[in-house]
Amino acid sequence: MSGKTDFDPSKIEIPEPDASLILAWQVKDKRVLVIGGGEVALSRVNHLLQANAKITIVAPEFEDVLKYYNELNLFENFIQRKFIKKDLTMYENESTTQKLSEYKQKILDNDNDDDTGEVGANENDEELFQIINEYQSQRFQLVLTAIDDHKLSSKIYNYCKLLDLNVNIADKPKICDFYFGSMYRQGFLQIMISSNGRSPRFCNRLKEKLIKPVLNEIDLNNSIKNLNYLRDNLRNNLLVGENNTEIIKKRMDWNKKITDQFTIKDWSLMNLNDVEKILKFYPNIPNCNTLEELRK
């Protein structure tokens, strides 16, 4: 605890436990395995397609929509048969795995944490970096099961844990590394609603009945485009080459104040000419609080 005398513990809100760590997991161009071909599998695939994943799907039978996706070449691999254990490692190369294992052993056996050491230096070695990337590109970053066979699902979970793979078992929240929540999307904006596996149906109703009717009235995607344009131009054009800590803090503070200066609706109605006008005020704050005043 710091020595500040104005610290008041009674004003601190302690984070409430028993939730999930909600993250935006980047799977663009990364391999994901989906086991199953029904409605739940289709739901998983739709999430993955939005995230530009490289999808391999395995099942004895497939929904018509999944068959159509295959005709559109939306899958990396479309395998119509029962799941087998080797599916979990189908793209892995034994030579790459062996090379990485050898590097790992050298690094772990070396007690010297200083990168100047002969072996320790390999921790930042370009060759090791390439091997790690090659190894990761061959592995499934996520495994998703969407099948009715709970016994097989449990076996797949165990196989995945032995192989250190992240896995989601449909309808088995207690043995999932992560959950799929109900997703609201408007362009670049994504909002996930989760009950932590307790009532997915309620989350869907919450999205459809409360969130969609309100948020669909505003062009939030345009707001994000405008604010991203503001941020990028501030960093890349107005302050090009200015990367010291003081300048970065000044830029971030200004960006925060400007974002809060106008309403969400104003940002949604702005065009790039409006944003350019705002940028000309930097480092000052425009003496207006509405889009109407800005355009006068």
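This is a predicted model: local features need pLDDT of at least 70, side-chain atom pairs count only at pLDDT 80 or more; totals for chains, interfaces and linings use all residues.
Local features were taken at pLDDT of at least 70 and side-chain atom pairs at pLDDT 80 or more, whereas totals for chains, interfaces and linings use all residues. Residues are numbered from 1 along each chain as its sequence is written, and side-chain values use heavy atoms, with hydrogens and water left out.

Arg 31 belongs to strand β1 (residues 31–35); strands (E, at least two residues) and helices (H or I, at least four) are DSSP runs numbered from the N terminus. With a relative accessible area of 14%, Arg 31 is buried (under 20%, 1.4 Å probe, protein chains only). Its side chain reaches the backbone oxygen of Ser 137 at 2.8 Å. Residues up to four places away in sequence aside, Arg 31 touches Lys 54, Glu 76, Tyr 91, Ser 137, Gln 138, Arg 139, Phe 140, Gln 141 and Leu 142 (contact: heavy atoms within 4.5 Å).

The count of disulfides (cysteine sulfur atoms within 2.5 Å) is zero. Cys 160 is in no disulfide, and its nearest cysteine sulfur, in Cys 176, is 11 Å away. Cys 160 is buried at 0% relative accessible area, and Cys 176 is buried at 16%.

Helix α1 (residues 39–50) packs against helix α2 (residues 64–71) at an angle of about 35°, with the axes 9 Å apart; axes are lines fitted to C-alpha atoms over the stretch in contact, and angles run from 0 to 180 degrees between N-to-C directions. Ala 41, Leu 42, Val 45, Asn 46 and Leu 49 of α1 meet Val 65, Leu 66 and Tyr 69 of α2.

Technical notes. Buried means under 20% relative accessible area, exposed over 50%, partly exposed in between (1.4 Å probe, protein chains only). A polar contact is a pair of N or O atoms within 3.5 Å; within protein, one must be able to donate a hydrogen and the other to accept it, and residues adjacent in sequence count only if both atoms are side-chain atoms.
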